[in-house]
Amino acid sequence: MLSIFICNAQSEEDKVIKTCNQFIQGRKLLRVNDSSLIKSVTSDSLYELLMLNDKYSKMLKARIIGADLDMKVKSVEIYDDCASCVMTSYEYYKIHLCKDDNDKWRIKGENSIFPTKERINRIKKKITNYGKQQKLKPKTDSIIKAVNIFFKKIDSYFLEEEIKPLKSITDDDTYQFLQTFYKYAKQRSGLEILHKELKAQDFTVGDYYNENGLTEFKFYKEDITLILEKNSDNEFIIVGFNGYKSSTITEPIMKSLYLEFLRAMKLVRKPRYRNKDLN
């Protein structure tokens, strides 16, 4: 009987792996409004933060590409009553967990994100202020729609060399600039390395700003923007990048801000994650 117990006993590492994988599965289920699994493996404060973020993201409705949750545990590190899981994802992703008073492993945070009082209050404030933002919702949705369309079409251009679909989502100056930029990118980096970046794309979120007379979509926590204007059909189109309207981008500017322009088109990942051979 004793030998059977030893064989079936679950190691601490097994418990940690199971909890981390359940957390990822719980995040997937949360997208379809099932919070039961994620609640069972997270601390109370992290659960509160996750539910608030989920509520706010669903209020926004129009979203950029969501996080890829097709991952599992790659490695585990255990130190006393706490542990961490590094996951198999394109971008570095680490889950932190500790044992609760009942000796059960509970998720405490992700990467450097932990449920601090300040972070929880910040998202509560966003939800509270959302009613005021509703007046701007039609404009926000139109901008995000245009950005999404542009990202898809610029991807196709760099993968298949088909420029014509971009004509409907850009002004004439941007349409011409993109052709010049494509030729320069082929010469400077080569398409092979850019195709690899495209296959390893990270998700992108952001918001729009009206500054200096420009309407810009700004990447979250990055100084990367797309400039938009309305065309004759009253629809938003792309007219520039990173504060420069396409008509003002000279060859020296294009060369000096090459990587920033690639990022604005979402053709490469953030500097921390992108291929180091890109320069």
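The expected span of a helix is 1.5 Å times one less than its number of residues, and helices (H or I, at least four residues) and strands (E, at least two) are DSSP runs numbered from the N terminus. These legends describe a predicted model, in which local features need pLDDT of at least 70 and side-chain atom pairs count only at pLDDT 80 or more, while totals for chains, interfaces and linings use all residues. Residues are numbered from 1 along each chain as its sequence is written, and side-chain values use heavy atoms, with hydrogens and water left out.

**View 1. Helix α2 and its buried face.**
Let's start with helix α2, residues 12-30: its 19 residues should span 27 Å at 1.5 Å a residue, and its end C-alpha atoms are 27 Å apart, which agrees. Its buried residues (under 20% relative accessible area, 1.4 Å probe, protein chains only; exposed is over 50%, partly exposed in between) are V16, T19, C20, F23, I24, G26 and L30. Looking down the axis of α2, you will find these buried residues within an arc of 155° (taken from the directions from the helix axis to the C-beta atoms), so they line one face of the helix. Their packing partners, by contact of heavy atoms within 4.5 Å, are α3 (36-41), α4 (44-60), β1 (73-79), β2 (82-87), β3 (94-99) and β4 (105-110).

**View 2. F158 meets Y182.**
Rings of Phe, Tyr and Trp (its six-membered ring) pair if their centres lie within 6.5 Å; planes under 30 degrees apart count as stacked, over 60 as edge-to-face and the rest as tilted. Searching the whole structure gives 14 aromatic pairs. For F158 and Y182, the ring centres are 5.0 Å apart and the planes at 80°, so this pair is edge-to-face. F158 belongs to helix α7 (residues 137-160) and Y182 to helix α8 (residues 172-188), so the pair ties together parts 24 residues apart in sequence. F158 counts as buried at 2% relative accessibility, and Y182 does at 4%.

**View 3. F177 and F241.**
Here the ring centres of F177 and F241 are 6.0 Å apart with planes at 40°, so the pair is tilted. It links distant parts of the chain, with F177 in helix α8 and F241 in strand β8 (residues 236-241), 64 residues apart. F177 is buried at 6% relative accessible area, and F241 is buried at 0%. Both rings belong to a cluster linked by ring pairs, whose members include F150, F151, F181 and Y258.

**View 4. Lysines over rings.**
A charge sits over a ring if NZ of Lys or CZ of Arg is within 6 Å of the ring centre and within 35 degrees of the ring normal. The charged end of K167 lies over the ring of Y175, 4.4 Å from its centre. The charged end of K266 lies over the ring of F151, 5.7 Å from its centre.
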